Amino acid sequence: VFREIAPGDGGEALEFDKTVADIVVDGAYLRHLLALGDTLDSALIRMSVGHRVLAYAVSVLWRALRHNRPLKLYRRYLLPLGDYSSVLTDLTNMGNIETWPSLIGGKVGDSLAETFHGEQGAQLSRFELRNANHVLTMVQDGRMQTGGPERVFGFLTMLHAEMENLKLIVT
């Protein structure tokens, strides 16, 4: 994949397609999250990670549409993403984002449908915030565990959210 985005004779890259590189990195990140979620024997962690991966992938595709980028690049370099590959493939075949909520289904689809009813410029940000809040709500149950990976996962997820909030305040 990297030979395709950084052609050259082994020396320096002559041209570097930043869009494809971003897609490759996003796909690797999401696959890594899914793999980590699967290694732990916890339904809560798998559900939280799955929700996060699907919502993030939908955000990536939505941004691509907003910037008039061809979705076939995302189908090629973002996928496969486990159980979500078929849904995301369907999304890349649909240019009209208004039809996405019914294809996605579940909480992510509901969140996307609710987001369309607001102000045009802030829709994507609201979608991402709703899904981040939903994951935080999910992991609160894990923090009540007396031991096990759910408690640690809940703590780290909440810590990550607080770091993001601090970053917003500082910048």
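Student: Which residues of helix α7 are buried?
Tutor: In α7, which spans residues 106-115, they are V108, G109, S111, L112 and T115. Buried means under 20% relative accessible area, while exposed means over 50% and partly exposed is in between (1.4 Å probe, protein chains only). Helices are DSSP runs of H or I with at least four residues, numbered from the N terminus. A word on the basis: this is a predicted model, where local features need pLDDT of at least 70, side-chain atom pairs count only at pLDDT 80 or more, and totals for chains, interfaces and linings use all residues. Residues are numbered from 1 along each chain as its sequence is written, and side-chain values use heavy atoms, with hydrogens and water left out.

Student: What makes the buried residues of α7 line one face of the helix?
Tutor: Seen down the axis of α7, they fall within an arc of 160 degrees, so they line one face. The arc is that of the directions from the helix axis to the C-beta atoms.

Student: What do the buried residues of α7 pack against?
Tutor: Their partners are α3 (43-66), α6 (100-104) and α8 (123-143), where contact means heavy atoms within 4.5 Å.

Student: How are α7 and α8 placed relative to each other?
Tutor: Their axes come within 9 Å and cross at roughly 145 degrees. The axes are lines fitted to C-alpha atoms, for helices over the stretch in contact, and angles run from 0 to 180 degrees between N-to-C directions. From α7 the contact uses K107, V108, S111, L112, E114 and T115, and from α8 it uses Q123, R126, F127, R130, N131 and H134.

Student: Why is the pair of Y29 and Y56 called edge-to-face?
Tutor: Rings of Phe, Tyr and Trp (its six-membered ring) pair if their centres lie within 6.5 Å; planes under 30 degrees apart count as stacked, over 60 as edge-to-face and the rest as tilted. Y29 and Y56 are 5.7 Å centre to centre with 65 degrees between the planes, so by that rule they are an edge-to-face pair. Y29 lies in helix α2 (residues 18-39) and Y56 in helix α3, so the pair ties together parts that are 27 residues apart in sequence.

Student: Why does Y29 count as partly exposed?
Tutor: Y29 has 36% relative accessibility, so it falls in the middle class. Y56 is also partly exposed, with a relative accessible area of 34%.

Student: What makes W62 and F116 an edge-to-face pair?
Tutor: Their rings are 5.9 Å centre to centre, with 70 degrees between the planes. W62 lies in helix α3 and F116 in the loop between α7 and α8, so this pair ties together parts 54 residues apart in sequence. Both W62 and F116 are buried, and ring pairs link W62, F116 and F127 into a cluster.

Student: Why is N68 called exposed?
Tutor: N68 has a relative accessible area of 69%, so it is put in the exposed class. N68 sits in the loop between α3 and α4 and has a positive phi of about 55 degrees although it is not a glycine. Most residues other than glycine have a negative phi, and most peptide bonds are trans.

Student: Which peptide bond is cis?
Tutor: The bond from L79 to P80 is cis, with omega near 10 degrees. P80 belongs to the loop between α4 (71-77) and α5 (85-93).

Technical notes
Helices (H or I, at least four residues) and strands (E, at least two) are DSSP runs, numbered from the N terminus.
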